[in-house]
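Hi everyone, thanks for coming. Let me put the model on the screen, and then we can walk through it together.

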Amino acid sequence: MRIIEQFEHSDEHKLFLKKESLVRPEYFFRPYGVHGMLHAKRVLLIAMILAKVDGLTERERNILALCSIYHDIGRKHDGYCTKHGRYSYIKAKKLGLLDGYSKEDLAIAEFIIEEHCIDDDRAKVKLAAYQGADTAAMGKLYNYFCDCDSLDRVRLGWLYKLDESYLRTVAARKIVPLTHEIYNNWDDIYARLREAYCEIAK
Ligand SMILES: [Fe+2]
Ligand SMILES: [Fe+2]
C-alpha cells in the first residue's frame, strides 16, 4: 500500500477523482458488468498510479485519463471483440464527451481508444503508417494505456487472467501486486481516496 500512500494528495489523485465522477451508467451496455463502470474506474486509477510512478506530464496523464474512462463504452457484448474501440471513440464524440480537448490530444486518444482492442503488432503497423500526429507520444501512451487495461484483467477468471509477460512497461510489472489489492479491496481503497478528497476540499 506504500504506492497508494504516496499517491494520496498528488495531482494524479486529484485527476482520478475529477475523471471518475464522469463515469456514468448510461454510457455502458452493461454498467455493472466486467467491462462496465468499475472496470473504467480501476483502469483510471491504475493509469494515474503509473503516471505518478513514472512521472508522466500533465498532458500525458490527461490523455490516459480520457482513454481510461471511455475506452469500452462502445462495447455491445462482453466477448472477444476488435471493433469496440472504434465504436467507443465514435460514441464518446457523439455524446460530446470529447469537447474541450485539443485536436492534437484527440488524435492520440483516438488512436489509443480505437487500437486498444487489436493486437500489438497490428497497432504498431498502424502507428508506423500514421501521418500528421505526434507518433512518439501515441506509441508511448498506447503502451501505458494497454498495460493499465491489461492489469485490470486480475478481475477475470483463470482463462483470461493477466499474463505479466505481455506487459509493455517496467512500471506496470512493478505494480502487479497492487492491482490485485485494488481489485480485492476496491470499496476500501475507493472510500479512502474519496475521503482524502474531502480533506483536500476543506
Ligand atoms: Fe476494451
Ligand atoms: Fe477495458
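Let's begin at C146: buried or exposed? C146 is buried, because 23 other C-beta atoms lie within 10 Å of its own; by the definition here, 20 or more makes a residue buried, 12 or fewer exposed, and anything in between partly exposed, with C-beta atoms placed from the backbone.

A quick word on what you are seeing. This is a predicted model, where local features need pLDDT of at least 70, side-chain atom pairs count only at pLDDT 80 or more, and totals for chains, interfaces and linings use all residues. Residues are numbered from 1 along each chain as its sequence is written, while chains are lettered from A and ligands numbered from 1 in the order in which they are written.

Back to our cysteine. C146 sits in helix α8, residues 135-151; helices are DSSP runs of H or I with at least four residues, strands are runs of E with at least two, and both are numbered from the N terminus. Leaving aside residues up to four places away in sequence, C146 touches H116 and R168, contact meaning C-beta atoms, placed from the backbone, within 7 Å. Y130 is 16 residues from C146 along the chain, and their C-alpha atoms are separated by 19 Å.

Now let's zoom out. The protein has eleven helices and zero strands. Its C-alpha trace spans about 45 × 40 × 35 Å along the principal axes. Of its 202 residues, 37% count as buried. And among contacts between residues at least 6 apart in sequence, 69% join residues at least 24 apart.

Note on methods:
Contact = placed C-beta atoms within 7 Å.
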